[in-house]
Amino acid sequence: MSKEYDTKDGESVADEILDSQWSTGPMAEARQNLSIFCSNMLMQRSLRLIIDEMLVLEDVVTDVDVSIVEKVSARQTLAILNTTWMALTDEFGYTA
């Protein structure tokens, strides 16, 4: 190994070795597929959490026992979540 490797920590050296050995071929494709899969799983989880929060906020808005201040806050948060939802789904070409 060169002096460059001696000055790096073990983890970054291991990453460089993996990257250089698997930059092509079936392992590179597998790593890319895993990355895409993980990204999609995170997106799906995020969208589910947004929906769950929107449902709770809609209940707050329709509840007669909730103060007007809480209702206004819930409506504002719903607007933000709706904008976020549309931005995320537009990124993937989904239409409502």
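Before I go on, a word on the source. This is a predicted model, in which local features need pLDDT of at least 70 and side-chain atom pairs count only at pLDDT 80 or more, while totals for chains, interfaces and linings use all residues. Residues are numbered from 1 along each chain as its sequence is written, and side-chain values use heavy atoms, with hydrogens and water left out.

Now the overall layout. The chain has four helices and zero strands, and along the sequence the pattern reads α-α-α-α. Helices (H or I, at least four residues) and strands (E, at least two) are DSSP runs, numbered from the N terminus. Of the 96 residues in the chain, 16% are buried. Buried means under 20% relative accessible area, exposed means over 50%, and partly exposed is in between, with a 1.4 Å probe and protein chains only.

Next, H3, residues 26–62. Its buried residues are Ala28, Met43, Leu47, Ile50, Met54, Leu57 and Val61, and they pack against H4. Met41 is also in H3, but Met41 counts as partly exposed because its relative accessibility is 42%. Together with Leu34 and Phe37, Met41 makes a nonpolar surface patch of about 320 Å².

On to H4, residues 68–91. H4 has 24 residues and reaches 35 Å from first C-alpha to last, close to the expected 34 Å. Buried in H4 are Lys71, Ala74, Leu78, Leu81, Leu88 and Thr89, and H3 is included in what covers them.

Is Thr89 buried or exposed? Thr89 counts as buried, because its relative accessibility is 9%. A polar atom of the Thr89 side chain lies 3.2 Å from the backbone oxygen of Met86.

Last, two totals for the chain. Among contacts (heavy atoms within 4.5 Å) with a separation of 6 or more, 39% join residues 24 or more positions apart. The chain exposes about 7,700 Å², of which carbon and sulfur atoms supply 59%. These accessible areas come from the Shrake-Rupley method with a 1.4 Å probe.

Methods: A polar contact is a pair of N or O atoms within 3.5 Å; within protein, one must be able to donate a hydrogen and the other to accept it, and residues adjacent in sequence count only if both atoms are side-chain atoms. Patches are made of residues with over 30% relative accessible area and no salt bridge: like charges are joined within 9 Å, nonpolar side chains (Val, Leu, Ile, Met, Phe, Trp, Tyr) within 5 Å. A salt bridge is a side-chain nitrogen of Lys or Arg within 4 Å of a carboxyl oxygen of Asp or Glu. The expected span of a helix is 1.5 Å times one less than its number of residues.
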